[in-house]
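Hello,

Here is the structure we talked about. Please open it next to this email and follow along.

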Amino acid sequence: MALSLTPIDASGHDRADLTAFLTANAFPFHVRARPTAAEAERALDDGLWGNDETESFWLDDDEHGRVQLVRLDDLADGTAMVDLRLAEAWRGRGLGAPALALASAHVFSTRPNVIRLEGQTREDNHAMLRVFERAGWVREAYYRDGWPVDGAEPVASIAYSVLRRDHASGRTTPVPPGPGAAVTADALVAAAWAAEERLLDPAVRRIPVEVGRLLDDGFVEIGPSGRRWTKDAVIEALSRDPGDTPGTVTERSSRIISSDTVLVEYVLRFDGRVSRRCALWRFSPGPRCIFHQGTTIR
């Protein structure tokens, strides 16, 4: 599956198709879950899908065609906003993180004024929260009662972002703790597991730049055969064969090795194979895997 962004001419030849997409799919975690045709066309007339500060794209799959909408707002500001809308038939297939990667690459390559790209979602939109985490975006804010809900009480809005400098360097700059605060052991372990699970996700594994963000420059892996793998070799191998599913992780255990390093151990069932794995994650400041080893369980 190869994905690409195709610009939308919202006021021209794409108008009818865009209206049909918006009205044919339900988006339960948006303020308007399913706009009427009149509401969709009014939004088009108002420039909400295309103007000097807004760009919209189809997310196209080379085999299946249009699977998602990507809208970028506030492009004249230092902080731009992203909005993803996936067709109902394509949800749950790991397309969110690649869409964010394509959106980030487009914004930072075409809009030199933008220094950060932000996205927000409701606190109960667990699928989108996982998308942001898998894409390596940093959770920055929790806005209480910040998301209006039609016919119900508002819920919290959660904001994530990626910085231009992090996108360029492949590193992640976490939000610093408040004055006098310290990162807890539980938070460090949770962050290591989140990073390890991203590394197991085929949607991440197939994109070299995303894998590169997770591996230290001195990364080493010892495979089941005893082969020694370097960072570049692993990135190339995963881009060719990312796997079909993230696999199933059981028998989790973890240890704090130092103030910035965590060891995780687990059993992985992946693509018909079972292996016992361990990984060392160092936070400097973002999570970077420095060592990985897998042993086949027969």
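Below is what was found in it, part by part.

This is a predicted model, so keep the limits in mind: local features need pLDDT of at least 70, side-chain atom pairs count only at pLDDT 80 or more, and totals for chains, interfaces and linings use all residues. Residues are numbered from 1 along each chain as its sequence is written, and side-chain values use heavy atoms, with hydrogens and water left out.

**The sheet**

Helices (H or I, at least four residues) and strands (E, at least two) are DSSP runs, numbered from the N terminus. Two strands pair if DSSP finds at least two bridges between them. Six strands form an open sheet in the order β9-β8-β13-β12-β11-β10, and the pairing is mixed. At the edges stand β9 (228–230) and β10 (248–258). Each has a single partner strand, so one side of each lacks a neighbour in the sheet. From one strand to the next, the twist averages 15°. Axes are lines fitted to C-alpha atoms, for helices over the stretch in contact, and angles run from 0 to 180 degrees between N-to-C directions.

Look at β12 (residues 273–283) and β13 (residues 287–296). They run antiparallel, joined by nine bridges. Leu280 has Phe291 in β13 as its bridge partner. Helix α6 packs on the sheet and touches β8 (215–222), β10, β11 (261–270), β12 and β13. Contact means heavy atoms within 4.5 Å. The direction of α6 makes about 40° with that of β11.

**The cysteines**

Cys289 is buried, at a relative accessible area of 0%. Buried means under 20% relative accessible area, exposed over 50%, partly exposed in between (1.4 Å probe, protein chains only).

**The cores**

A nonpolar core is a set of buried Ala, Val, Leu, Ile, Met, Phe, Trp, Tyr and Cys residues joined through side-chain atoms within 4.5 Å. The largest has 42 residues. Among those with the most contacts inside it are Leu18, Leu72 and Trp137. Helix α3 gives the largest share of this core, six residues. A second, separate core has 24 residues, including Val189, Leu215, Phe283 and Cys289.

Glu197 lies in helix α6 (residues 185–200). Glu197 is partly exposed, with a relative accessible area of 35%.

Best wishes
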